[in-house]
Amino acid sequence: MGLLPDEAKVLPPPGIVNRNSVWFGLCGWATAMLHNSLNRRPALKAGLHRQALFITVGWFIGYHLTKFENYKYATLDRDMSEYIRLHPEEFPDKGNSTWKSSRIRVLISVLRFSLY
Amino acid sequence: MPVGRLFLKTSAVSKMFSRNSFIASKPDPSKPNMLRVGLAFGSTAVLWALLFKQHRTDVHEYKTRNGLE
């Protein structure tokens, strides 16, 4: 893990087949097919070595990206849980949350989406 | 040169850069460059091997750190 700290190893690793791998693999395959088409070769039947290489590169990048993504989400969840633990007055047990706690939850989920 | 023409190598000779006319040839699909093909398949195999090795290491690390093994 080059860009991941040591604590990230506590997290369960993604499977070989994971969302980013499949997507990047498909993107790599599409790139290879586009390369064939632009050079006036049959899209699927030509340059199989190129198709295999591009799919593999995409799959590889996707695996490490999934690991990185899992770590980032885990740190965000940890920070959110820590905040909730330190400010119990804003998260009452019964029924409706306070305005402030619901705003904080929305903010954290938005930040999760942007992956700060 | 119209932009569309840049995407079509119909003449198989690009007008953008010059090539030595003594050795230039059209790319021939029936005679593949086996070195390049071999390197491509070789690096594919290497990448898959690296991926499986990394995954195995990750699973082992996860199990050791969480005391599951």
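A search of the whole structure, which is a predicted model, turns up eight salt bridges over all chains. One of them ties A:Arg78 to A:Glu7, with 3.2 Å between the closest N and O atoms. This pair links distant parts of the chain: A:Arg78 sits in helix H2 of chain A, while A:Glu7 belongs to the segment before H1 of chain A, 71 residues apart.

A second salt bridge stays inside one helix. Here the side chains of A:Glu82 and A:Arg85 meet at 2.5 Å, N to O. Both residues lie in helix H2 of chain A, three residues apart, or about one turn of the helix. In terms of cover, A:Glu82 is partly exposed, at 35% relative accessibility, whereas A:Arg85 counts as exposed because its relative accessibility is 57%, over the 50% cut-off.

Chain B has its own example, a salt bridge between the side chains of B:Asp28 and B:Lys31 (3.4 Å, N to O). B:Asp28 is partly exposed, with a relative accessible area of 34%, and B:Lys31 is exposed, at 63%. Elsewhere, salt bridges that share partners join A:Asp6, A:Lys9, B:Glu61 and B:Arg65 into one network, and the names show that residues of chain A and chain B both take part.

Turning to the helices, H1 of chain A runs over residues 19–38. The buried residues of H1(A) are A:Asn20, A:Ser21, A:Gly25, A:Gly28, A:Ala32 and A:Asn36. They all fall on the same side of H1(A), because they cover an arc of only 150° around the axis. What do these buried residues pack against? Their neighbour is helix H2 (48–86) of chain A. On the other side of H1(A), A:Trp23 and A:Leu34 are exposed.

A:Val22 also belongs to H1 of chain A, and it counts as partly exposed because its relative accessibility is 33%. Together with A:Val17, A:Leu26, A:Trp29 and A:Leu44, A:Val22 makes a nonpolar surface patch of about 450 Å².

After H1(A) comes A:Arg40, whose phi is positive. The value is about 55°, although A:Arg40 is not a glycine. A:Arg40 is placed in the loop between H1 and H2 of chain A, and at 57% relative accessibility it counts as exposed.

Chain B has two helices and zero strands. Of its 69 residues, 12% are buried. The accessible surface of chain B comes to about 6,000 Å², with 64% of that belonging to carbon and sulfur atoms.

Helix H2 of chain B covers residues 34–65, and its length checks out too: at 1.5 Å a residue, its 32 residues should span 46 Å, and the end C-alpha atoms are 46 Å apart, which agrees. Within H2(B), the buried residues are B:Val37, B:Ala40, B:Thr44, B:Leu47, B:Leu51, B:His55 and B:Asp58. What covers them includes H2 of chain A. Just after H2(B), B:Gly67 takes a positive phi of about 65°.

Conventions
Residues numbered from 1 in each chain as written. Chains lettered and ligands numbered in written order. Predicted model: local features only at pLDDT ≥ 70, side-chain atom pairs only at ≥ 80, totals over all residues. Heavy atoms only, no water. Patch = residues over 30% accessible without salt bridge, like charges linked within 9 Å, V, L, I, M, F, W, Y side chains within 5 Å. Areas by Shrake-Rupley, 256 points an atom, 1.4 Å probe, with all protein chains shown as cover. Salt bridge = Lys/Arg side-chain N within 4 Å of Asp/Glu carboxyl O. Helix = DSSP H or I, 4+ residues; strand = E, 2+ residues; numbered from the N terminus. Buried < 20%, exposed > 50% of the residue type's maximum accessible area, 1.4 Å probe, protein only. Arc of directions from axis to C-beta. Contact = heavy atoms within 4.5 Å. Expected span 1.5 Å × (residues − 1).
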